[in-house]
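Take a moment with the sequence and the fold together.

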Amino acid sequence: MKVTAQEISERGFSISFEIATPWARSAAATAMEGAVSALRGEINIRRYQSDLAVTGEVMVAASRTCDRCGGDVTLTIDGPLELTYVPNLRGEISPGGTRELVSSELDLGLYKEGSLDLSLVLQEHLALQLPWRVTCDLPNVSPSGEACDPNLLKPPERGPDPRWAALAALVPDASEEN
Ligand SMILES: [Zn+2]
């Protein structure tokens, strides 16, 4: 879902979306790293010369698993969206728009070829709001069962991290020695 800078008139550009909006649902699922169960929002864009001020409201709920107990949870991100995009004109920035971000630039994005991809706007907004660790006790996390104990150190009913299996396979007899 791309909007060209030219399309954004003096009055600005607005779009709303919900769970049946394919681009928004797909972008939300990517950013949330899980199936989206609820989504609604609105994005407004205003242009100041070549800079784009993007504001709006987004509510999304997605299925995740608790990083502590492994239980199924619903993670909700609900709140205002506020991002600023500037044209990608500087030669040292790669075509992919990737470069190291300093903290003051975290809410400053780049758009290229005169158009802004709203899927990326939504993804960037959600990525900035995501908790670094999803656990049952967070206020925006609803466990499907009982919330786990925040003091729980070892997840119950789970085998070793599957990544260790690949390592163990490299060491002959590793499984027999223990
Ligand atoms: Zn948990």
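How many bridges join β5 to strand β8 (residues 141-143)? Three do, and the two strands run antiparallel. Two strands count as paired if DSSP finds at least two bridges between them. In β8, Pro-143 is the bridge partner of Val-73.

A word on the model itself. It is predicted: local features need pLDDT of at least 70, side-chain atom pairs count only at pLDDT 80 or more, and totals for chains, interfaces and linings use all residues. Residues are numbered from 1 along each chain as its sequence is written.

Now the overall plan. The chain has four helices and eight strands. Helices (H or I, at least four residues) and strands (E, at least two) are DSSP runs, numbered from the N terminus. From that end, the order of elements is β-β-α-β-β-β-β-β-α-β-α-α. Of the 178 residues in the chain, 20% are buried. Buried means that 20 or more other C-beta atoms lie within 10 Å of the residue's own; 12 or fewer make it exposed, and anything in between partly exposed, with C-beta atoms placed from the backbone. Contacts with a separation of 6 or more can be sorted by sequence distance: residues 24 or more positions apart account for 66% of them. A contact here means two C-beta atoms, placed from the backbone, within 7 Å.

Back to β5. Strand β4 (residues 51-65) pairs with strand β5 (residues 72-87) in the antiparallel sense, over 14 bridges. Ala-62 has Leu-75 in β5 as its bridge partner. The two strands form a hairpin with six residues between them. In the turn, Gly-70 has a positive phi of about 80°.

Two residues of β5 deserve a look. Thr-74 lies in this strand. Thr-74 counts as partly exposed because 16 other C-beta atoms lie within 10 Å. Leaving aside neighbours within four places in sequence, Thr-74 is in contact with Ser-37, Ala-61, Ser-63 and Ser-142. Cys-136 is 62 residues from Thr-74 in sequence, yet 9.1 Å away in space, C-alpha to C-alpha. Asp-78 also lies in β5. Asp-78 has 14 C-beta neighbours inside 10 Å, so it counts as partly exposed. Val-58 is 20 residues from Asp-78 in sequence and 5.7 Å from it in space, C-alpha to C-alpha.

Next, the helices. Helix α2 (residues 118-129) has twelve residues. From first C-alpha to last, α2 reaches 17 Å, close to the 16 Å expected. That expectation is 1.5 Å times one less than the number of residues. Its buried residues are Leu-118, Val-121, Leu-122, Glu-124, His-125 and Leu-126.

Where does helix α1 (residues 22-32) meet α2? On the α1 side are Trp-23, Ala-24, Ala-27, Ala-28, Thr-30, Ala-31 and Met-32. On the α2 side are Leu-118, Ser-119, Leu-122, Gln-123, Leu-126 and Ala-127. These contact residues divide into ten nonpolar, three polar and no charged. (Ala, Val, Leu, Ile, Met, Phe, Trp, Tyr, Cys and Pro count as nonpolar, Asp, Glu, Lys and Arg as charged, and the others, Gly among them, as polar.) The axes of α1 and α2 come within 9 Å and cross at roughly 35°. Axes are lines fitted to C-alpha atoms, for helices over the stretch in contact, with angles from 0 to 180 degrees between N-to-C directions.
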